[in-house]
Amino acid sequence: MMVDNARLAAKKALVDKPKCFDLLSLTDSRSPGTLNPVRVIDTVPVTYVNDGTLDFGYSPGLGVDGRISILPGFYFITFDPAYQNQGYVDPSLYFDLPAVQLSVADMQLVVILHELGHLTGVNVHEGDGRAPLLPEEVGQEFNTQIYVNCLDQGAAYQ
Ligand SMILES: [Zn+2]
(Lines give C-alpha, C1' and ligand atoms only; values in the text may rest on other atoms or scores of the structure.)
Protein backbone atom coordinates (compact mmCIF):
# COMPACT_ATOMS: atom_id res chain seq x y z
CA MET A 1 0.00 0.00 0.00
CA MET A 2 1.04 3.58 -0.53
CA VAL A 3 2.09 4.32 3.04
CA ASP A 4 4.35 1.28 3.11
CA ASN A 5 5.84 2.27 -0.24
CA ALA A 6 6.57 5.76 1.07
CA ARG A 7 8.15 4.35 4.22
CA LEU A 8 10.35 2.03 2.17
CA ALA A 9 11.31 4.84 -0.21
CA ALA A 10 12.25 7.01 2.78
CA LYS A 11 14.42 4.27 4.26
CA LYS A 12 16.09 3.68 0.90
CA ALA A 13 16.87 7.41 0.53
CA LEU A 14 18.37 7.48 4.05
CA VAL A 15 20.50 4.41 3.42
CA ASP A 16 21.57 5.24 -0.15
CA LYS A 17 22.13 8.99 0.20
CA PRO A 18 24.46 10.04 3.05
CA LYS A 19 23.47 13.70 2.67
CA CYS A 20 19.84 12.71 3.13
CA PHE A 21 20.71 10.81 6.30
CA ASP A 22 22.70 13.78 7.61
CA LEU A 23 19.81 16.13 6.86
CA LEU A 24 17.41 13.96 8.86
CA SER A 25 19.79 13.30 11.76
CA LEU A 26 20.60 15.61 14.66
CA THR A 27 24.15 14.25 14.76
CA ASP A 28 26.64 12.71 12.35
CA SER A 29 26.36 9.44 14.26
CA ARG A 30 25.16 6.27 12.51
CA SER A 31 24.63 4.56 15.87
CA PRO A 32 21.13 3.17 16.36
CA GLY A 33 19.96 5.60 19.05
CA THR A 34 16.30 6.47 19.50
CA LEU A 35 16.63 9.49 17.19
CA ASN A 36 18.46 7.64 14.40
CA PRO A 37 16.27 8.40 11.36
CA VAL A 38 16.51 4.88 9.91
CA ARG A 39 15.51 3.34 13.23
CA VAL A 40 12.69 5.86 13.65
CA ILE A 41 11.22 5.25 10.19
CA ASP A 42 11.47 1.50 10.84
CA THR A 43 9.71 1.80 14.20
CA VAL A 44 6.97 4.42 14.38
CA PRO A 45 3.38 3.76 13.36
CA VAL A 46 2.26 5.60 10.24
CA THR A 47 -1.50 5.86 10.32
CA TYR A 48 -4.19 7.60 8.38
CA VAL A 49 -6.34 10.12 10.23
CA ASN A 50 -9.09 12.35 8.96
CA ASP A 51 -10.14 14.10 12.12
CA GLY A 52 -8.80 17.60 11.51
CA THR A 53 -5.44 16.81 13.12
CA LEU A 54 -2.92 19.05 11.42
CA ASP A 55 0.61 18.74 10.10
CA PHE A 56 0.55 14.95 9.86
CA GLY A 57 0.99 14.55 13.60
CA TYR A 58 3.58 17.13 14.54
CA SER A 59 5.44 15.72 17.53
CA PRO A 60 8.97 17.15 17.53
CA GLY A 61 11.83 15.15 18.91
CA LEU A 62 9.87 12.09 20.04
CA GLY A 63 12.01 9.76 17.94
CA VAL A 64 11.01 6.11 18.12
CA ASP A 65 8.29 7.00 20.64
CA GLY A 66 6.47 9.21 18.13
CA ARG A 67 4.06 8.53 15.34
CA ILE A 68 3.33 9.86 11.91
CA SER A 69 -0.26 10.69 11.07
CA ILE A 70 -1.24 10.83 7.43
CA LEU A 71 -3.88 13.31 6.26
CA PRO A 72 -6.09 13.18 3.14
CA GLY A 73 -3.65 15.39 1.21
CA PHE A 74 -1.13 12.55 1.29
CA TYR A 75 -2.99 10.65 -1.37
CA PHE A 76 -3.18 13.12 -4.23
CA ILE A 77 -1.80 16.41 -5.42
CA THR A 78 -4.32 19.22 -5.49
CA PHE A 79 -4.24 22.98 -5.66
CA ASP A 80 -7.72 23.28 -4.23
CA PRO A 81 -7.38 25.67 -1.25
CA ALA A 82 -9.99 23.59 0.58
CA TYR A 83 -7.26 21.00 1.09
CA GLN A 84 -4.73 23.41 2.59
CA ASN A 85 -5.76 22.20 6.05
CA GLN A 86 -5.57 18.57 4.99
CA GLY A 87 -1.87 18.21 4.47
CA TYR A 88 -1.73 18.84 0.77
CA VAL A 89 1.55 19.83 -0.89
CA ASP A 90 1.71 22.76 -3.29
CA PRO A 91 5.20 22.59 -4.82
CA SER A 92 5.26 26.34 -5.44
CA LEU A 93 4.87 26.97 -1.71
CA TYR A 94 6.50 23.85 -0.31
CA PHE A 95 9.89 24.33 -2.03
CA ASP A 96 12.16 27.29 -2.58
CA LEU A 97 13.08 26.11 -6.06
CA PRO A 98 11.57 27.05 -9.41
CA ALA A 99 9.15 24.66 -11.06
CA VAL A 100 9.54 21.58 -8.88
CA GLN A 101 7.38 18.82 -10.31
CA LEU A 102 6.48 15.83 -8.19
CA SER A 103 4.81 12.53 -8.87
CA VAL A 104 2.45 11.41 -6.13
CA ALA A 105 5.11 8.91 -5.00
CA ASP A 106 7.73 11.68 -4.82
CA MET A 107 5.35 13.92 -2.89
CA GLN A 108 4.66 11.14 -0.41
CA LEU A 109 8.39 10.57 0.05
CA VAL A 110 8.85 14.27 0.83
CA VAL A 111 5.94 14.23 3.28
CA ILE A 112 7.22 11.15 5.12
CA LEU A 113 10.72 12.63 5.38
CA HIS A 114 9.32 16.00 6.51
CA GLU A 115 7.43 14.28 9.31
CA LEU A 116 10.41 12.07 10.13
CA GLY A 117 12.38 15.30 10.56
CA HIS A 118 9.90 16.40 13.21
CA LEU A 119 10.40 13.13 15.09
CA THR A 120 14.20 13.30 14.95
CA GLY A 121 14.10 16.94 16.00
CA VAL A 122 15.77 18.52 12.97
CA ASN A 123 12.56 19.97 11.51
CA VAL A 124 11.03 22.69 13.65
CA HIS A 125 8.83 25.31 12.07
CA GLU A 126 6.18 27.76 13.10
CA GLY A 127 2.53 27.82 12.28
CA ASP A 128 -0.42 25.55 12.88
CA GLY A 129 -0.81 24.18 9.36
CA ARG A 130 -3.97 26.11 8.67
CA ALA A 131 -4.57 28.10 5.51
CA PRO A 132 -3.48 30.55 4.34
CA LEU A 133 -0.06 28.98 4.60
CA LEU A 134 3.22 30.89 4.47
CA PRO A 135 6.61 29.45 3.42
CA GLU A 136 7.94 29.41 6.98
CA GLU A 137 4.79 27.68 8.18
CA VAL A 138 5.29 24.70 5.90
CA GLY A 139 9.04 24.41 6.52
CA GLN A 140 9.92 25.51 2.98
CA GLU A 141 13.67 25.65 3.68
CA PHE A 142 13.74 22.11 5.11
CA ASN A 143 11.51 20.73 2.36
CA THR A 144 13.85 22.15 -0.24
CA GLN A 145 16.78 20.39 1.42
CA ILE A 146 14.78 17.14 1.33
CA TYR A 147 14.19 17.61 -2.37
CA VAL A 148 17.85 18.38 -3.06
CA ASN A 149 19.39 15.65 -0.89
CA CYS A 150 16.86 12.82 -0.81
CA LEU A 151 15.14 12.75 -4.21
CA ASP A 152 16.99 11.54 -7.30
CA GLN A 153 15.90 14.50 -9.40
CA GLY A 154 16.93 16.98 -6.70
CA ALA A 155 20.61 16.00 -6.93
CA ALA A 156 21.03 18.47 -9.81
CA TYR A 157 20.70 21.27 -7.22
CA GLN A 158 23.49 20.01 -4.93
ZN1 LIG B 1 5.82 20.16 9.58
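**Entry 1: terms before looking**

I call a residue buried if 20 or more other C-beta atoms lie within 10 Å of its own, exposed if 12 or fewer, and partly exposed in between, with C-beta atoms placed from the backbone. This is a predicted model, and I take local features at pLDDT of at least 70 and side-chain atom pairs at pLDDT 80 or more, while totals for chains, interfaces and linings use all residues. My residue numbers start from 1 along each chain as its sequence is written.

**Entry 2: the whole protein**

I started with the secondary structure and found 6 helices and 2 strands (DSSP runs numbered from the N terminus: H or I of at least four residues for helices, E of at least two for strands). Reading from the N terminus, I get the order α-α-α-β-β-α-α-α. The radius of gyration (taken over C-alpha atoms) is 14 Å, close to the 15 Å that the globule rule (2.2 Å times the number of residues to the power 0.38) gives for 158 residues, so the protein is as compact as a globular protein of that length. Along the principal axes, the C-alpha atoms fill a box of roughly 40 × 35 × 30 Å.

I then looked up burial and found that 39% of the 158 residues are buried. For contacts (C-beta atoms, placed from the backbone, within 7 Å), I kept those with a separation of 6 or more; residues 24 or more positions apart account for 62% of them.

**Entry 3: helix 1 on helix 5**

How far apart are the axes of helix 1 and helix 5? They are 9 Å apart, and helix 1 (residues 2-16) packs on helix 5 at an angle of about 70°. Here axes are lines fitted to C-alpha atoms, for helices over the stretch in contact, and angles run from 0 to 180 degrees between N-to-C directions. That angle makes helix 1 roughly perpendicular to helix 5 (under 35 degrees is roughly parallel, over 145 roughly antiparallel, 65 to 115 roughly perpendicular, the rest oblique). The crossing of this pair is right-handed: that is the label when the near helix is turned clockwise from the far one by less than a right angle, and left-handed is the label for anticlockwise.

On the helix 1 side I listed M2, N5, A6, R7, A9, A10 and A13, which meet A105, Q108, L109, I112, L113 and L116 in helix 5. I sorted these residues into 10 nonpolar, 2 polar and 1 charged. In this sorting, Ala, Val, Leu, Ile, Met, Phe, Trp, Tyr, Cys and Pro are nonpolar, Asp, Glu, Lys and Arg are charged, and the others, Gly among them, are polar. A note on spacing: an α-helix has 3.6 residues a turn, so residues three or four places apart point the same way.

**Entry 4: helix 5 on helix 6**

Next I followed helix 5 (residues 104-120) to helix 6 (residues 140-150), where the axes come within 10 Å and cross at roughly 120°. That makes helix 5 oblique to helix 6. This crossing is right-handed. Helix 5 brings V110, L113, H114 and G117 to the contact, and helix 6 brings F142, N143, I146, Y147 and C150. My tally for these residues is 6 nonpolar, 3 polar and no charged.

Which residues of helix 6 are buried? I found N143, Q145, I146, Y147, N149 and C150. What covers them includes helix 1, helix 2 (18-24), helix 4 (91-94) and helix 5.

**Entry 5: four single residues**

Y147 sits in helix 6 and is buried, with 24 other C-beta atoms within 10 Å. Leaving out residues up to four places away in sequence, Y147 touches F95, L97, V100, V110 and G154. From the C-alpha atom of Y147 to that of L113, 34 residues apart along the chain, I get 9.8 Å.

Is A99 buried or exposed? A99 counts as exposed, with 7 C-beta neighbours inside 10 Å; it lies in the loop between helix 4 and helix 5. I also noted its phi, near 55°, a positive value in a residue other than glycine.

E137 lies in the loop between helix 5 and helix 6, and is partly exposed, with 17 other C-beta atoms within 10 Å. Beyond residues up to four places away in sequence, E137 touches H125, E126 and G127. The C-alpha atoms of E137 and H125 are separated by 6.1 Å.

Last, I checked S69 in strand 2 (residues 68-70). S69 is buried, with 22 other C-beta atoms within 10 Å, and its C-alpha atom is 6.2 Å from that of V49, 20 residues apart along the chain.

Methods: Contact = placed C-beta atoms within 7 Å.
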